[in-house]
Amino acid sequence: MGKRGRPKSPLALSELERETLTRWSRRPKTPHSLSQRSRIVLLCADGLDSVAVADKVGVHQATVGKWRRRFLERRLDGLIDEPRPGAPRTITDDDVEAVVVRTLEDMPPDATHWSTRDLAAQVGISASSVGRIWKAFGLKPWQTDTFKLSEDPQFIEKVRDIVGLYLNPPDKAVVVCVDEKTGIQALDRTQPILPMRPGQVERRTHDYKRNGITDLFAALNLATGHVVHQLRPQHRAIEFRTFLNAIDAAVPEDLDVHVVLDNSSTHKTPAINKWLLRHPRFTFHFTPTSSSWLNLVERWFAELTNRKLKRSAHRSVRELTDDLNQWIATWNDNPRPFVWHKTADEILDSLKKYVSNL
């Protein structure tokens, strides 16, 4: 007796279709419905009839016939669910425009920026809808950021000069990044710090006692990460000249010294200029005004702040200086240089894009 039912069109798969269906049927993140349909088509392509496929996949025979026909009509696209119509839209384009415009161009009478509830009351939609619109347009009225653009007329030349030193240091020379971290406070908490315990973080009082300040002079060797430093009660030109003598003593005599530093007045006094005339192997490279980010020693200062100063307590300036000396000595036991990656052109292109968006 022959097979019952209507004759079925042959189902043949291309190599790409079989590969795609196999991937859909096995990938863990594939929706169950799509994985099941892929298995149905693969089994049909292997020559199994609808009864056998239904038994293997665990579905009704009519389901096998449905997805077999859908695949023959539309191939792979036929197995993917089409978007289904949802609830009617309640937020109009005018509502969206009103939220965006008021967020960008207006402010509430009693605050510096909108909240979702305040703006929702003004526009006449829900606070959650305002939140979704803000998210879609990348608006965050509660956040601010800071910026400072250099107005140095030689900004481009100085950027190229310093970045050139970082990326291609001169032969037979040492590049050092120099700056002062001024006003480091010896702070002590008004009550003893309670140490961390399982299930409880370290605790400290919110108030503190000021026990004096010190100034840190630091010179970061670009190639090795080694730091030459001095701690002084002040940061005048005379202290800076003494620090230059320390750098001079630390660098072998047969090497030139290129110093990256900022435009502080203490770096340009007549006494410093005379010192430079007596030490011709030294060359100063000044960062542009308002551009301390170009000085790599600032990155080292950030390391010092995060690893030591932010959570330490000192009852006197002497305790503070001893602690700083010990921390820097430990750093120099295993110094780690900071590597500069951006070229001058990449920096200037980024700045150009930033300025164009202001």
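Two strands count as paired here if DSSP finds at least two bridges between them. In this predicted model, an open sheet of five strands has the order 3-2-1-4-5, and its pairing is mixed. Strand 3 (227-232) and strand 5 (282-286) lie at the edges with a single partner strand each, so one side of each has no neighbour in the sheet. On average, neighbouring strands of this sheet are turned by 25 degrees against each other, direction ignored.

Strands of a sheet pair through backbone hydrogen bonds, in either a parallel or an antiparallel sense. The table gives pairings in this sheet, including one pair of facing residues for each.

| Strands | Sense | Bridges | Facing residues |
|---|---|---|---|
| Strand 1 and strand 4 | parallel | five | V175 and H258 |
| Strand 1 and strand 2 | antiparallel | eleven | D179 and A218 |
| Strand 2 and strand 3 | antiparallel | six | F217 and Q230 |

Helix 9 (residues 237-250) packs on the sheet and touches strand 1, strand 2, strand 3, strand 4 and strand 5. The direction of helix 9 makes about 150 degrees with that of strand 3.

Strand 1 covers residues 173-189. Is strand 1 largely enclosed or left open, and why? Buried means under 20% relative accessible area. Twelve of the 17 residues of strand 1 are buried, so the rest of the structure largely encloses this strand. Strand 1 pairs with strand 2 (residues 208-221) and with strand 4 (residues 256-261).

Note on methods
Residues numbered from 1 in each chain as written. Predicted model: local features only at pLDDT ≥ 70, side-chain atom pairs only at ≥ 80, totals over all residues. Heavy atoms only, no water. Buried < 20%, exposed > 50% of the residue type's maximum accessible area, 1.4 Å probe, protein only. Helix = DSSP H or I, 4+ residues; strand = E, 2+ residues; numbered from the N terminus. Axes fitted to C-alpha atoms, helices over the stretch in contact; angles between N-to-C directions. Contact = heavy atoms within 4.5 Å.
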